[in-house]
Amino acid sequence: IYLLVLLTYTTKDMFRILTPYIIVMLFSSLCSHAQKLESSASWTGELSIGTSKLHIGFNIKTLSDGTFTGTMDVPEQGAKNIPISVLKNDSDSLNISIPALRAVYRGRKLSAESIEGKFSQNGAVLDLNLKHGKSLLKRPQTPNAPYAYKTEEVSFSNEAEGAVLSGTLTYPINYNASSKEQTPVVLMVTGSGGQDRNEEIFGHKPFLVIADYLARHGIASLRYDDRGIGKSTGPTRGTTTQNNLADAKAGISYLRKLNKFGKVGVIGHSEGGTIAFMLGGEKSVDFLVSLAGSAANGIDVIVGQNEAMMRQQGVPQEIIGNYAKALRILYKDRVEGKEINDPVRYTEDLCNAENLTLPGALKTNLSKCVSAGGEWFTWFLGYSPAEAIRKVACPVMALNGTLDLQVLSKDNIPVIRDNLPANSKNIIREYESLNHLFQHCTPATALNYGAIEETISEEVLSDMVGWINELND
């Protein structure tokens with residue numbers, strides 16, 4: 001399993017790194033009896049893998065010729081409409097396969113309300129019993145319209161790069177233009193990869209939850225779709241964190257030009273937290289909140305991710321050490337622009353030269369790391385936020401969870417403490433038992449974002465609001 005996990009860490013999307021891992025590992029296929037199926041029917045069941053539980057949903061339709069078609073959903077992973085092949089087996093079962101995932105489910109004991117069965121993939125066979133109906137994720141913190149405050153659809157432009165960013169401007173409850181100077185506003189900056197304005201992931205909408213909480217406590221906010229996502233447009237090919245920084249700066253400029261608010265700050269999550277430090281270093285904001293923003297250099301962040309994930313999966317420490325050393329050397333060569341024409345040969349030579357013993361699959365992972373992730377990832381690997389942090393003059397709130405396996409607090413908090421200029425209003429805090437999304441979890445469930453009902457800790461929300469409002473006192 002950990003071999004699949006490691007591959008995901010070479011992608012551009014640091015925040016969504018788990019999606020490929022769980023899709024590859026978990027996805028099954030489904031069956032049901034042809035005589036029992038309705039012309040359109042949905043079935044859901046719970047799949048247990050170790051400490052993780054995922055809901056698997058199948059949507060099946062009968063075609064005019066009597067054959068079946070359908071799709072599969074995994075709500076916790078944000079995966080929808082994965083094609084399935086529905087194959088009639090015999091009089092009381094129907095196999096449904098997912099060719100792309102090499103998985104199959106064999107259902108039996110069909111009734112109008114339930115199906116018993118097992119799904120198998122890559123030699124693993126697990127129980128998967130289904131019930132009629134769709135599975136709905138429980139997201140108790142997600143606010144529902146109508147809201148108790150005003151929202152406005154807006155857009156702003158990064159003209160130099162031809163990007164137009166669309167988003168939602170949220171006013172606090174009882175906003176009064178005559179007292180605008182007392183109303184702080186924040187720009188919300190998402191993590192890496194294409195994200196919508198709510199930073200939606202696995203059915204959670206963290207930025208919507210944060211915007212709602214801010215509005216109920218006197219703070220305005222602007223959250224926006226990243227380029228190429230939702231209603232936002234602009235070039236995405238070859239973009240790096242610097243381009244995302246330029247978009248954020250355009251958002252800050254837009255908020256200032258509105259002349260509707262007082263202090264203008266930023267709340268950034270993950271890569272957005274790093275961008276918050278960059279904005280602070282350029283003196284663009286009046287205050288900043290970094291939610292699990294990386295502060296260590298990119299290579300340290302990614303190697304740390306891999307080490308943490310491997311430890312969680314029970315990989316022997318010797319293998320972890322060997323892999324981490326090889327990965328660090330590889331990424332250093334990549335940042336320095338070393339020409340690598342044959343990644344497989346490069347990996348073999350690296351391991352031989354450093355006397356590193358690794359399983360063949362891990363060597364395959366390393367060879368993929370030579371180029372995976374494109375320009376964004378290469379830039380990230382070579383960037384050290386410490387220089388920007390040293391230039392920050394505004395008040396800073398920097399938060400991390402102790403169970404964050406993507407931006408490890410033990411690697412990043414010390415960099416912030418060592419480099420951030422002294423300011424009596426600064427707060428640097430680690431929260432016990434919170435993960436990268438600031439959800440309460442255990443070490444075993446730290447990455448199981450979709451299965452956790454909580455979107456973000458109420459304590460974190462309260463601390464952010466209290467700190468921002470104190471800045472106005």
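User: In which loop is Gly 337 placed?

Analyst: This is a predicted model, in which local features need pLDDT of at least 70, side-chain atom pairs count only at pLDDT 80 or more, and totals for chains, interfaces and linings use all residues. Residues are numbered from 1 along each chain as its sequence is written, and side-chain values use heavy atoms, with hydrogens and water left out. Helices (H or I, at least four residues) and strands (E, at least two) are DSSP runs, numbered from the N terminus. Gly 337 belongs to the loop between helix H7 (317-335) and helix H8 (343-353).

User: Is Gly 337 buried or exposed?

Analyst: A residue is buried under 20% relative accessible area, exposed over 50% and partly exposed in between, with a 1.4 Å probe and protein chains only. Gly 337 has a relative accessible area of 55%, so it counts as exposed.

User: How far apart in space are the C-alpha atoms of Gly 337 and Thr 378?

Analyst: Along the sequence, Gly 337 and Thr 378 are 41 residues apart. Their C-alpha to C-alpha separation in space is 9.3 Å.

User: How many helices and strands does the chain have, and what share of its residues is buried?

Analyst: The chain holds 13 helices and 17 strands. Of its 473 residues, the share that counts as buried is 56%.

User: What share of the contacts with a separation of 6 or more joins residues 24 or more positions apart?

Analyst: A contact requires heavy atoms within 4.5 Å. Among the contacts in the chain with a separation of 6 or more, residues 24 or more positions apart account for 67%.

User: Why is helix H5 described as largely enclosed by the rest of the structure?

Analyst: Helix H5 spans residues 271-281. The buried residues of H5 include Glu 271, Ile 275, Phe 277, Met 278 and Leu 279. Helix H5 is largely enclosed because its buried residues number 11 of the 11.

User: Which residue just after H5 takes a positive phi?

Analyst: Most residues other than glycine have a negative phi. Just after H5, a positive phi of about 60 degrees is taken by Lys 283.

User: Where is Ala 292, and is this residue buried or exposed?

Analyst: Ala 292 lies in the loop between strand E15 (287-291) and H6. Its phi is near 55 degrees, a positive value in a residue other than glycine. With a relative accessible area of 0%, Ala 292 is therefore buried.

User: Is Asn 355 buried or exposed?

Analyst: Asn 355 is found in the loop between H8 and helix H9 (360-369). Although Asn 355 is not a glycine, its phi is positive, at about 55 degrees. Its relative accessibility is 68%, so Asn 355 counts as exposed.

User: Which peptide bond is cis, with omega near 0 degrees?

Analyst: Most peptide bonds are trans. Pro 146 lies in the loop between strand E9 (130-132) and strand E10 (151-158). The cis bond is the one from Ala 145 to Pro 146.

User: How are H3 and H13 oriented to each other?

Analyst: Axes are lines fitted to C-alpha atoms, for helices over the stretch in contact, and angles run from 0 to 180 degrees between N-to-C directions. The axes of helix H3 (residues 206-215) and helix H13 (residues 458-471) come within 10 Å and cross at roughly 50 degrees. Angles under 35 degrees count as roughly parallel, over 145 as roughly antiparallel, 65 to 115 as roughly perpendicular and the rest as oblique. H3 and H13 are therefore oblique.

User: Which residues of H13 are met by H3?

Analyst: On the H3 side, the residues are Val 209, Ile 210, Tyr 213 and Leu 214. On the H13 side, they are Glu 458, Leu 461, Ser 462, Met 464 and Val 465.

User: How are H6 and H10 oriented to each other?

Analyst: Helix H6 (residues 298-312) and helix H10 (residues 374-382) pack at an angle of about 105 degrees, with axes 5 Å apart. In this packing, Gly 298, Ile 299, Val 301 and Ile 302 of H6 meet Phe 377, Phe 380 and Leu 381 of H10. Given the angle, H6 and H10 are therefore roughly perpendicular.

User: Is Met 310 buried or exposed?

Analyst: Met 310 is part of helix H6. Met 310 and Ile 320 are 10 residues apart in sequence and 6.6 Å apart in space, C-alpha to C-alpha. With a relative accessible area of 1%, Met 310 is buried.

User: Which residues does Ala 215 touch, not counting those up to four places away in sequence?

Analyst: Ala 215 is placed in helix H3 and is buried, with a relative accessible area of 0%. Beyond residues up to four places away in sequence, Ala 215 touches Tyr 149, Thr 170, Tyr 171, Pro 172 and Ile 173.
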